[in-house]
Amino acid sequence: MQIEVMLMDDVKKLGKSGQVVKVAAGYARNFLFPKGLAAVATEAAKRRLKKLEAERAARAAEEKKAALEVAKKLDKLEITVSANTVDGKRLYGSVGISDILAAIEANRGIKLERSQIELADSLKEIGEYEPTIDLGHGVNVRFKIVILDEGAAEA
């Protein structure tokens, strides 16, 4: 037996939030309803969905505003890192995301997550690099990392 439910959230391979779909009664009763992913398609459920969507939109707007404020603080960020080298060009180790996060926190006082920095691989040579910080909600900031030879910097 199938019943009509209104999706309260996106459900993979079933539909998007707000759609009315027909599903097996057991699927609705045992999975969708307990997780709050769907409700029986009634006027009250439609009102509840509109309220949820308004709350989500407000939360998303606040998060985007916060991301834009962080982006302003990170604008024109340039980090200089000194590292030991093997031959004056290749690093003895590498400069990884954790090193970059520590430098950003020391430089601008902003704590970021590892997943926010888009870096193809660890940096293993002297030079300039331009990775991206993904602050979410479509807000991305490019910044510059300059890696110097620690031995040359001391001399």
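Over the protein I got an average of 89, with 97% of the residues scoring at least 70.

Ground rules, for my own use. This is a predicted model, where local features need pLDDT of at least 70 and side-chain atom pairs count only at pLDDT 80 or more, while totals for chains, interfaces and linings use all residues. Residues are numbered from 1 along each chain as its sequence is written, and side-chain values use heavy atoms, with hydrogens and water left out. Helices (H or I, at least four residues) and strands (E, at least two) are DSSP runs, numbered from the N terminus.

**Entry: the core**

I went looking for the nonpolar cores, meaning sets of buried Ala, Val, Leu, Ile, Met, Phe, Trp, Tyr and Cys residues joined through side-chain atoms within 4.5 Å. Buried is under 20% relative accessible area, exposed is over 50%, and partly exposed lies in between (1.4 Å probe, protein chains only). The largest core has 26 residues, and Ile-100 and Ile-104 have the most contacts inside it. Several elements supply at least two residues each, including helix H2 (43–74), strand S4 (78–83) and strand S5 (90–95). H3 gives the most, with 5 residues. Apart from this core I found another, of 9 residues, among them Val-11, Val-23, Ala-28 and Leu-37. A general note to keep beside this: in soluble globular proteins, nonpolar side chains tend to be buried together.

What does Ile-100 touch, leaving aside its neighbours within four places in sequence? I listed Ile-79, Val-95, Ile-117, Leu-119, Leu-123, Phe-143 and Ile-145 as its contacts, where contact means heavy atoms within 4.5 Å.

**Entry: helix H3**

H3 covers residues 97–108, and its 12 residues reach 16 Å from first C-alpha to last, close to the 16 Å expected at 1.5 Å a residue. That expected span is 1.5 Å times one less than the number of residues. I noted its buried residues as Ile-97, Ile-100, Leu-101, Ala-103 and Ile-104. They sit on the same side of H3, because they cover an arc of only 165° around the axis; the arc is that of the directions from the helix axis to the C-beta atoms. Just after H3, Gly-109 takes a positive phi of about 70°.

Lys-13 has phi near 65°. Its place is the loop between strand S1 (2–7) and S2, and Lys-13 is exposed at 85% relative accessibility. His-137 has phi near 60°. I found His-137 in the loop between S9 and S10, partly exposed at 38%.

**Entry: the aromatic pair**

How many aromatic pairs does the structure hold? I found 1. Tyr-27 and Phe-31 are stacked, at 5.5 Å centre to centre with 15° between the planes. Rings of Phe, Tyr and Trp (its six-membered ring) pair if their centres lie within 6.5 Å; planes under 30 degrees apart count as stacked, over 60 as edge-to-face and the rest as tilted. Tyr-27 and Phe-31 are 4 residues apart in helix H1 (residues 25–32), so about one helical turn separates them. Tyr-27 is partly exposed at 32%, and Phe-31 is partly exposed at 31%.

How values were computed:
pLDDT is the predictor's confidence in each residue, from 0 to 100.
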